Amino acid sequence: MRPFALAAALLLSAVAAQAQAQTQKMRPGLWEHSVTMKSQSGQMEAAMAQMQKSLASMPPAQRQQMEQMMAQRGIGMGPKGNTVKVCISPEQADLDRIPPQEGCTQDVRRTGPGSLAMTFSCPGAKGQPPTTGEGTMTFSGPTAYTGQFKVNTVSQGKPEQIDMAQTGQWLAADCGAIKPAR
């Protein structure tokens, strides 16, 4: 799940970047971020495929329990990519800034009225390798964006580059059981 946790953290940074890139405030509420990743080595894709295979081979009750646990955390896994649901509070939307993952830094700059470029760096902690990256995002209003990122990290002791494509879509004003990111 480590590559997926990294993707979730990057998605939170992307939401923060979205708020800065628009003169219009982002809409508070429940957002769904979808991400597809491609690594140079193919190891990440193999690990994700093995994880999905393991999930599929579980007895139905155990699989349902695992899927429910992931859904409570806003995580979904599918053959075409992964999704993360994130709650953006009205206060976070008003601040135009959502806290990045703990310990990470980011630099966001506008490149046009509805687009931005960003760089980020995470020093690595709690078993995660150091990670850096850069990307661009394009917005289609306060409820949707698309983005492309190149992420540099370490996998099994070797440098790894991951190409990420992502989209974000506002779903609802009510976040249900998903709590705002802090």
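**Terms and their grounds**

Tutor: Let us begin with Ser-89, which is placed in the loop between E3 and helix H4 (90-95). The model is a predicted one.

Student: Why is Ser-89 called buried?

Tutor: The relative accessible area of Ser-89 is 6%. Buried requires a value under 20%, and therefore Ser-89 is classed as buried.

Student: Which residues does Ser-89 touch, not counting those up to four places away in sequence?

Tutor: With that exclusion, Ser-89 touches Pro-28 and Pro-180.

Student: What makes Cys-87 and Cys-175 a disulfide?

Tutor: Their S to S distance is 2.1 Å. The criterion is sulfur atoms within 2.5 Å, so the pair Cys-87 and Cys-175 qualifies. Cys-87 lies in strand E3 and Cys-175 in the segment after E8, 88 residues apart, so the pair links distant parts of the chain. Both cysteines, Cys-87 and Cys-175, are buried.

Student: Why is the disulfide of Cys-87 and Cys-175 called right-handed?

Tutor: It is right-handed because the torsion about the S-S bond is about 80°.

Student: How many disulfides does a search of the whole structure find?

Tutor: The search finds 2 disulfides. The link of Cys-104 and Cys-122 is right-handed, with 115° about the S-S bond. Cys-104 belongs to the loop between H4 and strand E4 (105-112), whereas Cys-122 belongs to strand E5, so the pair ties together parts that are 18 residues apart in sequence. Cys-104 and Cys-122 are buried. With bonded cysteines counted along the chain, the pattern of the disulfides is 1-4, 2-3.

Student: What makes Phe-120 and Phe-149 a tilted aromatic pair?

Tutor: The structure holds 1 aromatic pair. The centres of Phe-120 and Phe-149 are 6.2 Å apart, and a pair requires centres within 6.5 Å. The angle between the planes is 55°; under 30 degrees would count as stacked and over 60 as edge-to-face, so the pair is tilted. Phe-120 is in strand E5 and Phe-149 in strand E7, 29 residues apart. Both Phe-120 and Phe-149 are buried.

Student: How do you know that the charged end of Arg-27 sits over the ring of Trp-170?

Tutor: The charged end of Arg-27 is 4.8 Å from the centre of that ring. The distance limit is within 6 Å, and the position must also fall within 35 degrees of the ring normal. The assignment of Arg-27 over Trp-170 is made on these terms.

Student: Which residues of E6 form the covered face, and which the uncovered one?

Tutor: The covered face has Thr-131, Gly-133, Gly-135, Met-137 and Phe-139, while Thr-132, Glu-134, Thr-136 and Thr-138 form the uncovered one. In a regular strand, side chains alternate between the two faces of the sheet.

Methods:
Residues are numbered from 1 along each chain as its sequence is written. This is a predicted model: local features need pLDDT of at least 70, side-chain atom pairs count only at pLDDT 80 or more; totals for chains, interfaces and linings use all residues. Side-chain values use heavy atoms; hydrogens and water are left out. Buried means under 20% relative accessible area, exposed over 50%, partly exposed in between (1.4 Å probe, protein chains only). Helices (H or I, at least four residues) and strands (E, at least two) are DSSP runs, numbered from the N terminus. Contact means heavy atoms within 4.5 Å. Rings of Phe, Tyr and Trp (its six-membered ring) pair if their centres lie within 6.5 Å; planes under 30 degrees apart count as stacked, over 60 as edge-to-face and the rest as tilted.
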